[in-house]
Amino acid sequence: MRSLIIALAVFAACLTSSTLTSAQEGHPLKGSWLGTWGPAKTHSNDIVLVLDWDGKAITGMINPGTDDAPIKNATLNPDGWVVHFEAAIKDKSGVLNYVFDGKIENLSFHNRTIVGTWKNQRESGQLKISRQ
Amino acid sequence: MKSGVAIAFALVAVLWLGTAISAHHPISAKFDDTKPQTLTGVVTLVDWRNPHVHIYMNVRGDNDADNWAVELESPINLQSSGWTHDSVKAGDAITVTGITARNGSRQLWATKIVMTGTGKEVLHFTPPSPPALLANRPAPRWPDKQPRLGPSAGGAQGYWAFPSSTVLAEATANVPAMDQYGLLKNVADAKLVAPMQPWALALYEYRQKRFLQDDPTYINCKPPGGPRQFQLSYGVQLVEDRDRQRIFVLIGGGNNNYRIIYLDGRGHTGQVGGDDDNPLYYGRAVGKWESDSLVVDTRGFNEDFWFTNGGLPHTEQLKLIEKFTRENFDTLKYEVTVDDPGAYTRPWSSSWTLRWVTGQEMPRHLCQENRP
């Protein structure tokens, strides 16, 4: 019992410290984002998005790893903090062209979110990701 | 078992809440100067701690006593104005005039405190002012004639403070009006402050419209990297270690932080010191003397802090060229060129001066445990 309490307390401390150390005050899109874009038949429910800003263009990768896909045509409109990006993702039947549109919410938070939609030739759905 | 888990989860909640609500701040970030209020009540506690002293007082409400938190200046500033933690004590009846919190909570920024029984006004805050200028003394020099950035040989210790400007803006003819914290009088003037990219301008305006309440230096006690360290209230000390070819910048308002400027010819990358070239709050600074000026090239900043009062954005591409010139014994000129192609459309510059405060210890202001 005591060990459980200690474990939870340590977990709590870790949560707090991670909140403090993960601040990112530069370009609002830069960073790692984690969330959901399902349910869907063409991909899994979870999504990881890694975004960067080089001063001229937004670049990034969806689900870095074995089935990763680079994003393209990414834009951020500061008027409303509207986000758009696209990606071509291969599956067994060919290439699916994804279009993502969303909006940054809670801009001043370290773990700000992007809420929006996605669509490809076959499906469409909701996207919600939070900056880690 | 259940109670233990409940306690543990309560601890989670307390820790989380503490993170979310802690906020040290410019006054305008927390309090609304259009909402004056006067309170009369009895002091329950004087919390004499950094970054702001708080007096808690019970005020008679409609049905019961409401406990208010009255916020004052820092202990350093209050002490310099003759206050101690005994100036007002628990049990004293006081009348406080001030401005209320923007969020509607029972918090007041005090501008006047009167002992209710005697009518004696007890809050006398006098902002520190620079010492009177003596005769125009030349800058002290080392035996090799290089200007000294600290005291003269055998002279009294001191530090640099009272910056002629506490806000960073491009040195142009159209610098917009701001308060001491960098809050614009008119947010529409934001584009005049510096040549920002559209996203950076929008973010800067967003921060301004929120009265700078998101400033991580105050919310999370983040270090004041970049030019900001030379625009804080409590000054800086430049300690020259000539044997080791480096200068330590001690920052009075920076939580006992220090920054090192290397003069030994090393580069910005591959520095031994355990930082492994990761981005830093103070970046990596290498300098050299050019005639009577110290020129410092700093890069390798992280993006986890605001590098100016007022919240101008920056990215990891930020590079600073800083020039320190001791124009005379009492005046240090600081010039900075900001080059950040991630956030700005071109390099831009600014400058200000600092005054030598002789014979005094530099104050050490701590943003303590993310306390409000």
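Reply: Here is a walk through the salt bridges, pair by pair.

This is a predicted model, so local features need pLDDT of at least 70 and side-chain atom pairs count only at pLDDT 80 or more, while totals for chains, interfaces and linings use all residues. Residues are numbered from 1 along each chain as its sequence is written, chains are lettered from A and ligands numbered from 1 in written order, and side-chain values use heavy atoms, without hydrogens and water.

A salt bridge here is a side-chain nitrogen of Lys or Arg within 4 Å of a carboxyl oxygen of Asp or Glu.

Take B:Asp32 and B:Arg102. Their closest N and O atoms are 3.8 Å apart. B:Asp32 sits in strand E1 (residues 31–47) of chain B, and B:Arg102 in the loop between strands E4 (93–101) and E5 (107–115) of chain B, so the pair ties together parts 70 residues apart in sequence. Strands are DSSP runs (E, at least two residues), numbered from the N terminus. B:Asp32 is buried, at 11% relative accessible area. B:Arg102 is partly exposed, at 26%. Buried means under 20%, exposed over 50%, partly exposed in between (1.4 Å probe, protein chains only).

Next come B:Arg210 and B:Asp214, at 2.7 Å, N to O. B:Arg210 is partly exposed, with 25% relative accessibility. B:Asp214 is buried, with 12%.

B:Glu290 and B:Lys288 also meet in a salt bridge, at 3.9 Å. B:Glu290 is partly exposed, at 39% relative accessible area.

Finally, a network of salt bridges links A:Lys30, B:Glu303 and B:Glu316.

How values were computed:
Helices (H or I, at least four residues) and strands (E, at least two) are DSSP runs, numbered from the N terminus.
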